[in-house]
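Thank you all for coming.

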Amino acid sequence: MGWDKFSPNVRMNPTQRRAADQIKNKHSPEEHGGLLTRLAAAIKDHMAKASSILDGHPHKLTLSKVLLYGDAIPRDHDNHWKPVSDDNNEYPNFMIQVMRGIIRIHLGFPLEFTFALSALQTEHIESLLAVLRDDSSTPRKRMIAYHELAWSLVDTDPAQCVTDRWANPIQRAVWLRALRVDGNFADPASFTPDLAKFKYLCNATSLLEALLDKDKDTDSVHADDYE
């Protein structure tokens with residue numbers, strides 16, 4: 001099913017297209033009792049952790065290459081994954097918009113669109129919301145709860161897309177991101193930077209899944225990190 005055939009109830013309905021445009025808007029500090037403000041902080045902490053977790057690691061370069069190539073690291077060039085600068089706001093703001101849309105729909109935003117979340121992904125959303133609602137939860141605990149949701153979105157079974165091209169929530173997020181209020185889609189050239197940000201989300205989340213000490217207050221280097 002092509003892009004123009006997917007979710008016609010949204011794309012062919014002006015009211016729904018406006019809702020699809022509005023769901024991308026920034027949140028207010030008060031929206032959902034401040035949940036989205038706390039979500040944004042957790043996402044920024046997650047991005048910052050991905051940028052710094054390899055600092056001082058003895059296998060930093062190798063792990064950075066594994067993120068790009070898996071176990072088929074080429075010998076003829078030295079390309080490797082590099083974290084974005086801490087001064088870069090485009091990447092975290094992009095992640096915030098994507099995750100904010102998923103949360104808004106889960107909480108009842110008036111848009112007839114679904115990310116087709118699995119039971120596990122829905123469970124992680126509920127766990128994240130519970131932590132965000134808890135005034136006593138620490139920033140690290142919120143970051144870890146967000147990470148569990150992000151990892152569940154990244155670590156999806158590719159076999160699902162064999163029978164349904166749109167089974168992957170990230171693929172649906174790409175479609176929603178590209179949809180314009182007039183029913184057309186963003187020009188491919190202007191949308192390419194967003195695809196790079198989606199790829200960065202996958203790489204950063206995979207790195208943290210491998211190296212985070214989720215049950216501790218800090219993260220340490222382990223002898224088996226490279227394995």
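Predicted model: local features only at pLDDT ≥ 70, side-chain atom pairs only at ≥ 80, totals over all residues.

The crossing of α7 and α10 is left-handed, meaning that the near helix is turned anticlockwise from the far one by less than a right angle. Residues are numbered from 1 along each chain as its sequence is written, and side-chain values use heavy atoms, without hydrogens and water.

The axes of α7 (residues 139-154) and α10 (residues 188-211) come within 9 Å and cross at roughly 120°; the two helices are therefore oblique to each other. On the α7 side, the contact (heavy atoms within 4.5 Å) is made by Tyr146, His147, Ala150, Trp151 and Val154, and α10 brings residues including Leu201, Cys202 and Leu208.

Turning to the cavities, sets of points on a 1 Å grid where a 1.4 Å probe fits but cannot get out, the count comes to two of 30 Å³ or more. About 110 Å³ of space lies in the largest cavity, to whose lining (residues with an atom within 4 Å of a point) α5 (90-106) and α9 (169-178) each supply at least two residues. Lys24, Gln97 and Arg177 are among the residues that line the largest cavity.

The second largest cavity has a volume of about 50 Å³, and its lining includes Met99, Ile170 and Phe198. Two or more residues of that lining come from each of α5, α9 and α10.

Note on methods. Axes fitted to C-alpha atoms, helices over the stretch in contact; angles between N-to-C directions. Helix = DSSP H or I, 4+ residues; strand = E, 2+ residues; numbered from the N terminus. Parallel < 35°, antiparallel > 145°, perpendicular 65-115°, else oblique. 1 Å grid on protein atoms, 1.4 Å probe; cavity = no way out; pocket = protein on both sides within 12 Å on 5 of 7 lines; lining within 4 Å. Points joined across faces, edges and corners; volume = space filled by probe spheres on them.
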